[in-house]
Amino acid sequence: MYLQKIFSCSQLLARPNALQTFKRAASQGKNPSSSTFLTLHAVRQWSNVPFFTVPLARAHGKSFAHRSDLRQAKRILVKLGSAVVTRGDECGLALGRLASIVEQVAMLQNQGREMMIVTSGAVAFGKQRLRHEILLSQSVRQALHSGQNQLKDMSLPVLEARACAAAGQSGLMALYEAMFTQYSTCTAQILVTNLDFHDDQKRRNLNSTLHELLRMNIVPIINTNDAVVPPPEPNSDLQGVISIKDNDSLAARLAVEMRADLLIALSDVEGLYDSPPGSDDAKLLDTFYPGDQHSITYGTKSRVGIGGMEAKVKAALWALQGGTSVVIANGTHPKVTGHVITDIVEGKKVGTFFSEVKPAGPTVEQQTEMARSAGRTLASLEPEQRSDIICAFADLLTERKDEILSANKKDMEHAVSTGHLSPAMLKRLSLSSSKLNSLSIGLRQIAVSSQDSVGRVLRRTRVANNLELEQITVPIGVLLVIFESRPDCLPQVSALAIASGNALLLKGGKEAANTNRILHELAQEALSIHGVKDAIQLVSTREEVEDLCRLEKMIDLIIPRGSSQLVRDIQRAAKGIPVLGHSEGICHVYVDHEASVDKAIKIIRDSKCDYPAACNAMETLLVHRELLRTPLFDQIIDMLRTEHVKIHAGPKFASYLTFSPSEVKSLRTEYGDLECCIEVVDSMQEAVDHIHKYGSSHTDVIVTENEDTAEQFLQQLDSACVFWNASSRFADGYRFGLGAEVGISTARIHARGPVGLDGLLTTKWVLRGEGHTAADFSEHGSMTYLHENLPVAQVLPGRRTTS
């Protein structure tokens with residue numbers, strides 16, 4: 001049982017050293033009390049500390065401009081609305097939600113932050129307690145009156161809110177104390193009313209007490225004293241000061257007076273919408289700026305509490321003006337409650353962030369809408385028009401190469417000076433005249449292929465007389481391509497998006513910011529030829545990749561281009577959006593016992609050494625057991641040593657050696673450098689089994705002169721690319737003749753292998769009839785199905801095929 005030590009006003013006045021005793025106990029590592037209740041009226045003895053004199057870790061006065069800055073928040077106030085704290089029946093507390101909130105607050109407190117809580121819930125807790133007592137009392141009286149255990153129907157009286165608050169305060173605090181104790185965190189309660197803020201002396205007392213508690217690493221839990229609070233007076237705000245009408249205004253007032261860095265207001269809605277939540281056109285606002293109130297239509301208030309979204313916005317804007325950043329978010333959603341507070345502090349896109357700094361350009365949501373709108377126009381263009389745009393872009397790459405190379409030089413110089421990029425990443429970042437010429441050639445190949453892309457008929461069927469069905473290719477919609485340190489990716493992907501009629505959202509690495517900016521400008525210049533400039537957007541705001549992956553209602557496909565870690569992170573984050581790509585490129589070359597010496601040496605050297613960082617580079621060399629201690633094997637080892645390739649021995653290979661290279665830690669390793677694993681297998685079938693077990697279904701090669709063995713390998717292996725007597729480096733859209741690729745997919749649905757133009761298209765079914773109904777083909781109908789396959793003819797936008 002937790003000890004409750006309640007100091008009344010008279011007790012504290014009689015014991016002027018009570019707070020010092022409290023501090024001394026805390027400094028000695030003792031829990032001063034399991035719950036210490038301090039009323040504001042009881043702190044008059046500590047009024048000699050000047051107001052706003054406690055130094056802070058961050059200079060206060062301006063709120064954070066961006067969400068990512070919230071990681072720097074030192075002093076944080078969490079406001080728990082009535083809908084968050086109470087159960088759905090409004091009688092009792094939502095213990096599960098409270099427990100998860102307490103855990104997050106304790107975690108942040110233990111990180112060295114100063115946490116405060118403004119909480120509701122006393123009325124609901126007291127209502128539950130009083131109902132129980134009334135029912136119990138009525139049951140006893142009825143039992144005594146009737147002399148038997150059969151009870152009549154009992155009706156509960158309407159419970160007065162102040163009485164409920166009085167009955168619930170102690171239990172609410174005891175519950176908080178019990179929960180925080182599990183994390184070795186001490187709490188203290190402070191009860192206030194609006195009248196207390198009208199007295200400068202009391203305000204100083206409150207300020208002093210709160211600072212002392214924070215200094216001792218104690219979490220203050222603050223609430224309005226609903227047992228005595230008068231009804232709120234309309235329009236009673238002081239000049240420039242918000243009146244305490246509810247816990248929203250209380251939280252805002254305390255946040256400003258305590259110079260909090262961040263106020264997190266948790267309610268039962270996701271955040272602030274531009275119209276009442278639940279309406280058809282309601283959109284959640286990621287960021288809200290002062291002056292945007294005219295664009296908001298408020299709905300009804302929550303099921304409990306005395307505030308509402310309008311009150312929350314007013315309080316948030318007042319706190320923002322006072323220098324405190326504010327986020328309004330949902331604290332009741334079961335999938336996010338367990339991490340909503342920590343996500344906000346980590347700068348993730350949760351709820352609505354209030355900011356005084358309005359970006360010069362559009363938000364990422366606005367960019368996506370602009371891209372989608374222009375993308376639909378792009379898709380409706382004639383193929384020749386899309387081809388013109390791509391050719392114009394190709395011309396600009398060579399005509400404006402000096403501007404591009406100058407911007408790339410800045411990126412390279414910055415990357416070298418910071419030393420953050422590996423040599424392989426620096427190579428990817430670098431552009432040259434020859435690279436730009438190659439890009440221009442690749443774009444022209446895409447322009448040619450775009451003539452037969454959108455609107456291509458894949459299938460035609462005569463369903464019945466005068467009822468024809470067509471399956472045609474159409475754009476996917478809005479693509480999000482995220483790429484690292486590889487600016488040449490931008491024109492390739494842009495050209496493929498244009499050719500396929502897709503809108504495109506690009507998020508490049510900051511290391512290539514200057515190069516990406518000029519390339520994007522050239523892409524939009526080319527798009528302007530046919531009035532679709534906005535179809536390709538470059539995200540230049542400080543958006544986290546994880547936040548972009550949450551735009552499932554706006555983005556149709558995500559294509560990551562970068563490290564395996566980037567791909568894995570995106571696959572985890574994009575729970576509602578398909579991701580096209582591969583997380584690893586563990587490619588194998590199997591050298592059969594019937595392999596040609598010259599072919600084996602050439603293929604292994606090219607597969608490993610041509611570009612070791614590429615995803616299609618060889619990572620594991622499988623050698624038939626009969627080749628060990630043969631001239632071919634010796635030549636392979638000598639070549640790898642000459643090329644400075646570090647060799648790791650697989651378990652079976654190591655068992656054949658007296659002095660072996662370092663044994664591999666894992667047979668499922670993508671080195672991405674001049675390193676590889678060598679392992680021994682007894683047969684082609686064992687090589688296939690090994691690849692199936694340890695490979696990533698990317699690209700795998702067999703080197704052999706035996707055609708039957710090769711065909712078995714090619715048929716049995718289920719990788720996206722399987723080659724016979726050819727380097728793994730051929731797994732590339734350009735080398736396949738696709739013009740370029742958006743990536744390589746190892747998925748088993750949709751596109752697989754190097755993904756070019758066709759991989760960015762989906763299909764739709766078009767049915768043309770003359771008043772046909774399904775009833776016409778029923779048992780008693782007059783028509784029958786024919787289902788005749790018809791010759792396929794090309795369908796272009798605005799045109800129709802003929803039978």
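Which helix holds Lys 312?

1. **A lysine to start with.** Lys 312 sits in helix α9, which spans residues 309-321. This is a predicted model, and the points below should be read as such. With a relative accessible area of 9%, Lys 312 is buried, because buried means under 20%. Leaving aside neighbours within four places in sequence, Lys 312 is in contact with Lys 79, Asp 248, Ser 267 and Ile 328.

2. **The chain overall.** The chain has 803 residues, and buried ones make up 52% of them. It contains 24 helices and 26 strands. Its accessible surface comes to about 36,100 Å². Carbon and sulfur atoms account for 51% of that surface. Take the contacts between residues at least 6 apart in sequence: 76% of them join residues at least 24 apart.

3. **A parallel sheet.** Four strands make an open sheet in the order β15-β14-β13-β16, with parallel pairing. β15 (536-538) and β16 (557-561) stand at the edges. Each has a single partner strand, so one side of each is left without a neighbour in the sheet. From one strand to the next, the twist averages 20°. Strand β13 (residues 478-483) pairs with β16 over five bridges, in the parallel sense. Val 481 has Ile 559 as its bridge partner in β16.

4. **Helices across that sheet.** Helix α11 (residues 364-380) lies across β13, β14 (503-508) and β15. It runs at about 145° to β14. Helix α19 (residues 564-573) lies across β13 and β16. Its angle to β16 is about 160°.

5. **An antiparallel sheet.** A further open sheet of four strands has the order β25-β12-β11-β26. Here the pairing is antiparallel. Its edge strands are β25 (761-768) and β26 (788-789), and each pairs on one side only. Strand β12 (residues 467-475) runs antiparallel to β25, and eight bridges join the two. Val 474 stands opposite Thr 762 in β25. As background, strands of a sheet pair through backbone hydrogen bonds, either parallel or antiparallel.

6. **Nonpolar cores.** Which residues touch the most other members of the largest nonpolar core? They are Ile 389, Ile 390, Ile 404, Val 481, Leu 504 and Leu 506, out of 50 residues in that core. Helix α16 (residues 489-500) gives the largest share of this core, eight residues. Ile 390 shows what such contacts look like. Not counting residues up to four places away in sequence, Ile 390 touches Leu 443, Ile 446, Ala 447, Ser 450, Ala 495, Ile 498 and Ala 499. There is also a second, separate core of 41 residues. Among its members are Ile 190, Ile 218, Ala 251 and Ala 252.

7. **Salt bridge Glu 643 to Arg 605.** The count of salt bridges comes to 35. One of them joins Glu 643 and Arg 605, with the closest N and O atoms 3.3 Å apart. Glu 643 lies in the loop between α21 (631-642) and β19 (646-649), while Arg 605 is in helix α20 (residues 597-609). The pair therefore ties together parts that are 38 residues apart in sequence. Glu 643 counts as partly exposed at 27% relative accessibility. Arg 605 is also partly exposed, at 34%.

8. **Salt bridge Arg 625 to Asp 682.** Which parts of the chain does this pair link? The side chains of Arg 625 and Asp 682 meet at 2.9 Å, N to O. Arg 625 is in the loop between β18 (618-624) and α21. Asp 682 is in the loop between β20 (675-681) and α23 (684-694). The two are 57 residues apart, and the pair links distant parts of the chain. At 37% relative accessibility, Arg 625 is partly exposed. Asp 682, at 33%, is partly exposed too.

9. Within it, Arg 550 forms a salt bridge with Glu 546, and their closest N and O atoms are 3.1 Å apart. Arg 550 is partly exposed, with a relative accessible area of 29%. Glu 546 counts as partly exposed at 32%.

Technical notes
Residues numbered from 1 in each chain as written. Predicted model: local features only at pLDDT ≥ 70, side-chain atom pairs only at ≥ 80, totals over all residues. Heavy atoms only, no water. Buried < 20%, exposed > 50% of the residue type's maximum accessible area, 1.4 Å probe, protein only. Contact = heavy atoms within 4.5 Å. Pairing = 2+ DSSP bridges. Salt bridge = Lys/Arg side-chain N within 4 Å of Asp/Glu carboxyl O. Core = buried A, V, L, I, M, F, W, Y, C linked by side-chain atoms within 4.5 Å. Areas by Shrake-Rupley, 256 points an atom, 1.4 Å probe, with all protein chains shown as cover. Axes fitted to C-alpha atoms, helices over the stretch in contact; angles between N-to-C directions.
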